[in-house]
Amino acid sequence: MSGGDIAIIALVLLAIIVLFAGIKQVPQGYNWTVERFGRYTRTLQPGLNLIVPFFDRIGAKLNRMEQVLDVPSQEIITRDNATCTVDGVAFYQVLDAARAAYEISNLQRAILNITMTNIRTVMGSMDLDNLLSNRDEINSRLLRVVDAATEAWGVKITRIEIKDINPPADLVASMARQMKAEREKRAQILEAEGSRQSAILKAEGEKQAQVLQAEGRREAAFRDAEARERLAEAEAKATALVSEAVSNGDVQALNYFIADKYTQALSQFAHSPNQKILMLPMEATALLGSLGGIAELARAAFSDDGARGGPADTSPRRRGAVPPVGG
């Protein structure tokens, strides 16, 4: 092998070494920065890239995927001087590899410190009750503040979550007693409200029942009065008819009227609920005499009908008489 051949082989090997030195394969999800003589020149994207060997070199390898950063526990003092221990977690993503590599040193440590500082600031401006009940508001405020602070580093803070808020044990016991008293208070209020509603409904029912009973009594009294009025009218009409008949010389009508009243009075005595023995205050023959008057009245009426249907009766009408008392 001549010296020329050796030189050619050496040049080929050198060319291959230079070529491999200039080829850079960037994994998916990463960005590499390229520095020429120590100065940033460009950013390599995922895939196959070429750089100038011996002049360019890889500066920083940045992970573009979303990353999680645990925020360790720390003590904070709330606005009402309560001490609590809190911890959390932060999610971030590198958007600009050059700024993340050259604008800040030790990116993760910087994000962690600024997150812990703002946790103390935000939670220290709130009372303990708000701290325990408004965790979403705390997360939202932390996200806005930390994201604005890290924007210059080419980083996007996607989420910050407070994991645990641990008040002191004596404060937890006091809160438990307060919660128990509050629940007992609400239970007593609900029980009293139920009793009140029950009493109101019961009174309303009794009132409605009394109103209905009064309306029933009024309707019954009205109908009783109407019935007595009709009965009085009938009595008056019957009395007028009897008086007219007596004035015309027909005494049997008066006998019938008296006998009817007599039998009605005896019927009322007989239907009395406490009456077991009926004592007649006068002779029963008076009633028989009255019944005899009724019979005379019937005969006179039939005889009048017969006279209207047959020959005229020229004899004077037999005048009735009030049945003598005692027969």
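Of the 327 residues of the protein, 24% count as buried, where buried means under 20% relative accessible area, exposed over 50% and partly exposed in between, with a 1.4 Å probe and protein chains only. This is a predicted model, in which local features need pLDDT of at least 70 and side-chain atom pairs count only at pLDDT 80 or more, while totals for chains, interfaces and linings use all residues. Residues are numbered from 1 along each chain as its sequence is written, and side-chain values use heavy atoms, with hydrogens and water left out.

**Overall build**

- The protein has eight helices and eight strands. Both are DSSP runs, numbered from the N terminus: helices are H or I with at least four residues, and strands are E with at least two.
- Take the contacts between residues at least 6 apart in sequence: 62% of them join residues at least 24 apart. Contact means heavy atoms within 4.5 Å.

**Thr33 in strand S2**

- Thr33 lies in strand S2, residues 30-36. Thr33 is buried, with a relative accessible area of 0%.
- Leave aside the neighbours within four places in sequence, and Thr33 is still in contact with a list of residues including Tyr40, Arg42, Arg57, Ile58, Ala97, Ala98 and Tyr102.
- The side chain of Thr33 makes a polar contact with the side chain of Tyr102, at 3.0 Å. A polar contact is a pair of N or O atoms within 3.5 Å; within protein, one must be able to donate a hydrogen and the other to accept it, and residues adjacent in sequence count only if both atoms are side-chain atoms.
- Thr33 and Ala98 are 65 residues apart in sequence, but their C-alpha atoms are 6.6 Å apart in space.

**Asp56 in strand S5**

- Asp56 lies in strand S5, residues 56-63. Asp56 counts as buried, at 8% relative accessibility.
- The side chain of Asp56 makes a polar contact with the side chain of Arg36, at 2.5 Å.
- Not counting residues up to four places away in sequence, Asp56 touches Val34, Glu35, Arg36 and Ile51.

**Two loop residues with positive phi**

- Most residues other than glycine have a negative phi.
- Phe37 has a phi near 55°, a positive value in a residue other than glycine. Phe37 is found in the loop between S2 and strand S3 (39-44). With a relative accessible area of 65%, Phe37 is exposed.
- Asn81 is not a glycine either, yet its phi is positive, at about 65°. Asn81 is found in the loop between strand S6 (67-77) and strand S7 (83-94). Asn81 is exposed, with a relative accessible area of 65%.

**Residues in helices**

- Asn118 is found in helix H3, residues 107-124. Asn118 counts as buried, at 12% relative accessibility. Leaving aside neighbours within four places in sequence, Asn118 is in contact with Leu142, Val145 and Val146.
- Asp129 lies in helix H4, residues 128-133. Asp129 is exposed, with a relative accessible area of 54%. Asp129 and Thr78 are 51 residues apart along the chain, and their C-alpha atoms are separated by 9.7 Å.
- Leu254 is found in helix H7. At 26% relative accessibility, Leu254 counts as partly exposed.

- On a 1 Å grid over the protein atoms alone, a pocket is an open set of points where a 1.4 Å probe fits, with protein on both sides within 12 Å along at least five of seven lines; lining residues have an atom within 4 Å of a point.
- Helix H6 (169-247) and helix H7 (251-270) each supply at least two residues of the lining.
- Among the lining residues are Ala234, Glu235, Leu241, Tyr256, Phe257, Asp260 and Gln264.
- The lining divides into seven nonpolar, one polar and four charged residues. Ala, Val, Leu, Ile, Met, Phe, Trp, Tyr, Cys and Pro count as nonpolar, Asp, Glu, Lys and Arg as charged, and the others, Gly among them, as polar.
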